[in-house]
Each structure stands twice: as structure tokens, then as C-alpha cells.
Amino acid sequence: MSELFVDFQKVFLAYNESEFAVEDISLQTRQGEFIAIVGPSGCGKSTFMKLATGLKAPTSGLVNIDGKPVTGPLKFVGMAFQAPTLLPWRTTLDNVLLPLEIVEPYRSNFKREHEQYVQRALKLLKTVGLEGYADKYPWQLSGGMQQRASICRALIHEPKMLLLDEPFGALDAFTREELWCVLRDLWTERKFNVILVTHDLREAAFLADTIYVMSKRPGRIVARKENPLAQPRELETTYTEPFNELVHELRGHIGRVRNS
Ligand SMILES: Nc1ncnc2c1ncn2[C@@H]1O[C@H](COP(=O)(O)OP(=O)(O)OP(=O)(O)O)[C@@H](O)[C@H]1O
């Protein structure tokens with residue numbers, strides 16, 4: 001096993017001939033690291049995600065994940081997006097079980113191991129505060145509950161890498177902070193690799209070990225900031241001076257990127 005997990009070396013990606021969407025991205029993460037990527041709209045954050053999961057191949061440069069070159073879509077990935085994207089005709093439990101019906105080696109064992117998989121899903125639902133909601137349908141859950149369920153769905157197959165694209169963007173401030181803590185606890189326990197794309201600098205400062213700031217198109221990494229605050233963090237931390245200084249510093253980078 002490599003010490004590095006994500007390893008981007010001078011990665012460029014062009015969707016068309018005239019312009020690069022991301023340019024000269026070099027970025028390394030260690031095993032179990034939680035990184036956040038912040039930047040203005042359209043800077044290439046989602047493109048970065050596509051490169052990291054093998055959905056897109058770089059125009060030039062190298063992408064290695066867990067010591068191996070990425071040659072196609074990776075299986076050991078869990079994803080959650082701004083919209084919870086639960087299937088409305090499935091219960092919470094059946095939504096959470098979905099990856100196990102699709103991803104090998106779980107898929108082949110799905111019928112035989114069904115009871116064990118159900119127990120695993122129920123345990124995960126309990127961890128995120130959804131005990132008793134397994135039989136409910138998405139329309140019977142609040143937005144925050146749906147997002148909790150979609151985080152369970154992203155983690156049920158125990159992926160090595162969790163990709164989160166603005167996962168809490170649609171939630172109110174209180175629910176968002178609750179879910180920061182849910183994610184913090186899951187990550188503290190399991191130490192999977194996380195790439196979080198967010199516009200929320202406080203979210204990045206609360207959750208991530210390292211924060212990367214991307215420039216406007218073509219997206220480049222213009223700043224890398226190691227989070228000086230000890231993990232795991234409490235919500236109280238967000239009211240402290242070091243936290244505010246960190247957010248302020250990130251805000252400064254974003255301001256410069258937007259004005260450039
Ligand atoms: N499939 C595509 N074909 C052509 N251009 C694309 C494609 N996908 C993205 N782009 C362009 O690449 C650039 C980066 O897009 P990307 O979606 O990665 O940005 P983003 O930072 O995730 O944006 P946002 O914050 O608004 O979600 C944008 O200018 C976008 O128009």
C-alpha cells in the first residue's frame with residue numbers, strides 16, 4: 001500500500017480544443033486525509049472529482065489513486081451530492097442498500113448475505129441519527145434526513161474514498177452543522193479518504209485536514225492550506241479566534257482569485 005492516496009502530477013484536462021478546464025494540477029494526499037477544495041463557480045472542482053474517480057482521463061499528466069494509475073471508473077468510491085438523489089420508490093433502507101446490489105463483490109452475494117447487509121445498513125442509519133426511519137420513503141423525510149441517508153448510501157460498501165460535491169449546500173445552517181458533526185464522527189471512526197468540494201469556507205475549515213483553493217477557469221490550485229486546528233473539532237471551535245483567522249485567510253485567497 002502506498003503512503004500516498006491521491007496523487008495528481010501536472011494534470012491538464014480540456015473538454016474542447018480551445019481551452020483547458022483544469023491546468024497543471026499537482027496535488028498529493030496521504031492515506032486517510034480529508035481534503036476540501038474551494039473556489040469560484042466553474043473553476044473546475046467537479047472536473048477534479050471526475051479525474052479523481054476515473055470518469056475522465058487527463059489530457060496530459062498522471063492521476064494515481066492508492067498507488068495505481070487510474071485507467072477507468074473506480075469501484076472503491078462513494079459519492080454524495082447537493083441533491084440527495086434518493087430513489088423515491090425505495091424506502092430509506094433500500095436506498096442505502098443500493099450500492100451493495102450494484103458493486104462487486106457485494107452484488108454476487110446480495111441474496112445470500114441479505115440479512116447481514118440489512119444489519120449493516122441499519123447500524124449505519126443509527127450512527128447518523130436515522131434509527132426508526134428505515135421503512136420511510138424519501139418524501140417522508142426532511143432534507144437533512146435525506147442527506148443523512150445519502151451519506152449512508154455513499155458509505156455502505158465501505159469505500160476507500162468518499163467524494164462530496166456541495167453535500168450540505170441546500171440545508172439550513174443548523175442542519176448543516178449537525179451534518180458536519182455526523183461526517184466528522186464517521187470519518188474519525190473509519191478514516192476513509194475524503195474529497196469535499198464546497199463553497200462554504202467554514203465547512204472546509206471545520207472538517208478538512210488540508211484546504212485547496214482553485215482559481216477561475218482554467219482551474220489551477222492557487223493555495224494549499226494545512227488546517228492548524230486539531231482534529232476532531234467541536235462546533236465550539238468555530239467560535240474561536242484561530243478558526244476565524246483560518247476562514248479569513250481562505251476568504252482572502254478567494255477574493256484574490258475572484259478579482260484576478
Ligand atoms: N462536459 C463538458 N464539456 C465542456 N465543458 C465542460 C464540461 N464540463 C464542464 N465544462 C466546463 O469546464 C469548466 C469547469 O467546470 P466544473 O463543472 O468542473 O466547475 P465547478 O468548479 O465544479 O463549477 P460549480 O462550482 O459551478 O459547480 C467550466 O467552465 C465548464 O463550463
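## The loop at Lys-75

Lys-75 sits in the loop that runs between β5 (68-69) and β6 (77-81); helices here are DSSP runs of H or I with at least four residues, strands are runs of E with at least two, and both are numbered from the N terminus. This is a predicted model, in which local features need pLDDT of at least 70, side-chain atom pairs count only at pLDDT 80 or more, and totals for chains, interfaces and linings use all residues. Residues are numbered from 1 along each chain as its sequence is written.

Lys-75 counts as partly exposed because it has 15 C-beta neighbours inside 10 Å. On this scale a residue is buried if 20 or more other C-beta atoms lie within 10 Å of its own, exposed if 12 or fewer, and partly exposed in between, with C-beta atoms placed from the backbone. Lys-75 and Val-103 are 28 residues apart in sequence, and their C-alpha atoms are 7.1 Å apart in space.

## Overall fold

The protein has eight helices and 10 strands. Its radius of gyration is 19 Å, close to the 18 Å that the globule rule gives for 260 residues, so the protein is as compact as a globular protein of that length. The radius is taken over C-alpha atoms, and the rule is 2.2 Å times the number of residues to the power 0.38. The C-alpha trace spans about 55 × 45 × 35 Å along its principal axes.

Of the 260 residues, 37% count as buried. Among contacts with a separation of 6 or more, 71% are between residues 24 or more positions apart; a contact requires C-beta atoms, placed from the backbone, within 7 Å. The UniProt record, an unreviewed entry, lists residues 6-241 as "domain: ABC transporter". UniProt positions follow the numbering used here, feature names are shortened, and annotations may be inferred rather than shown by experiment. The span 6-241 is 33% helix and 25% strand, and its end C-alpha atoms lie 31 Å apart.

The domain assignment gives domain 1 (1-76 + 167-260) and domain 2 (83-159), with bounds that come from an automatic or database assignment. The centres of domain 1 and domain 2, taken over C-alpha atoms, are separated by 25 Å. Contacts link 13 residues of domain 1 with 12 residues of domain 2. The side of domain 1 that touches domain 2 has 10 nonpolar residues, one polar and two charged. Here Ala, Val, Leu, Ile, Met, Phe, Trp, Tyr, Cys and Pro count as nonpolar, Asp, Glu, Lys and Arg as charged, and the others, Gly among them, as polar.

The largest nonpolar core has 67 residues, and those with the most contacts inside it include Ala-36, Cys-152 and Ala-204. Domain 1 and domain 2 both give residues to this core, so it lies between them. Such a core is a set of buried Ala, Val, Leu, Ile, Met, Phe, Trp, Tyr and Cys residues joined through C-beta atoms within 7 Å. Leaving out residues up to four places away in sequence, Ala-204 touches Ala-36, Val-38, Leu-196, Thr-198, Ile-211 and Leu-250.

## Helix α2

In helix α2 (residues 92-102), the buried residues are Thr-92, Asn-95, Val-96, Leu-97, Pro-99 and Leu-100. Their cover includes α3 (106-109), α4 (114-127) and α5 (143-155).

## Asn-227

Asn-227 is in the loop between β10 (221-226) and α8 (241-259). Asn-227 is buried because 21 other C-beta atoms lie within 10 Å. Beyond its neighbours within four places in sequence, Asn-227 is in contact with Ala-205, Ala-208, Asp-209, Thr-210, Ile-211 and Leu-246.

## Backbone exceptions

Most residues other than glycine have a negative phi, and most peptide bonds are trans. The bond from Arg-217 to Pro-218 is cis, with omega near -5°, and Pro-218 lies in the loop between β9 (210-214) and β10. A cis peptide bond also joins Gln-231 and Pro-232, with omega about -15°; Pro-232 is in the loop between β10 and α8.

Glu-166, not a glycine, has a positive phi of about 50°. Glu-166 is found in the loop between β7 (161-165) and α6 (173-190), and is partly exposed, with 18 other C-beta atoms within 10 Å. Lys-191 has a positive phi near 50° and lies in the loop between α6 and β8 (193-197). Lys-191 counts as exposed because it has 12 C-beta neighbours inside 10 Å.

Technical notes
Contact = placed C-beta atoms within 7 Å.
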